[in-house]
Amino acid sequence: NVYDRAVAGVPRSNNAVESWHNAFASRVFINHPSIVKLMEKVRHEQAKFEIDITKIIQGHEIKTQVML
């Protein structure tokens with residue numbers, strides 16, 4: 001129920017997930033990557049994510065792109 005999700009403060013859609021997926025797919029640049037290439041990209045994405053988490057913990061602002 002959308003009302004219950006709004007009251008609970010939970011996102012009402014999966015737009016954030018779709019946005020991440022589209023951004024990740026554009027960074028991979030390969031339509032059908034091998035498992036090795038895909039894992040390299042996933043590891044790189046994880047490393048960037050961990051750096052952002054560390055910066056947030058330290059009180060820094062993270063630059064994000066706003067998709068309109």
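Start by selecting residues 15–28, which make up helix α2, and show the side chains of Trp-20 and Phe-24. The two sit 4 residues apart in this helix, so to speak about one turn from each other. Keep in mind that you're looking at a predicted model.

Stay on those two rings. How are the planes of Trp-20 and Phe-24 arranged? A pair of aromatic rings is described by the distance of the centres and the angle of the planes. Here the centres are 5.1 Å apart and the planes are at 5 degrees; planes under 30 degrees apart count as stacked, so Trp-20 and Phe-24 are a stacked pair. The count of aromatic pairs comes to 1.

Is Phe-24 buried or exposed? Phe-24 has 10% relative accessibility, and because the cut-off for buried is under 20%, it counts as buried. Trp-20, on the other hand, is partly exposed, with a relative accessible area of 43%.

Next, select Ile-35, Val-36, Met-39 and Val-42. Together they form a nonpolar patch on the surface, with about 350 Å² of accessible area.

Last stop: colour by pLDDT. The chain averages 83, and 93% of the residues score at least 70. Where is confidence lowest in the chain? Look at helix α1, residues 2–8, with a mean of 81; confidence is highest in α3, at 92.

Methods
Residues are numbered from 1 along each chain as its sequence is written. This is a predicted model: local features need pLDDT of at least 70, side-chain atom pairs count only at pLDDT 80 or more; totals for chains, interfaces and linings use all residues. Side-chain values use heavy atoms; hydrogens and water are left out. Rings of Phe, Tyr and Trp (its six-membered ring) pair if their centres lie within 6.5 Å; planes under 30 degrees apart count as stacked, over 60 as edge-to-face and the rest as tilted. Buried means under 20% relative accessible area, exposed over 50%, partly exposed in between (1.4 Å probe, protein chains only). Patches are made of residues with over 30% relative accessible area and no salt bridge: like charges are joined within 9 Å, nonpolar side chains (Val, Leu, Ile, Met, Phe, Trp, Tyr) within 5 Å. Accessible areas come from the Shrake-Rupley method with a 1.4 Å probe; for residues, only the protein chains shown count as cover. A salt bridge is a side-chain nitrogen of Lys or Arg within 4 Å of a carboxyl oxygen of Asp or Glu. pLDDT is the predictor's confidence in each residue, from 0 to 100.
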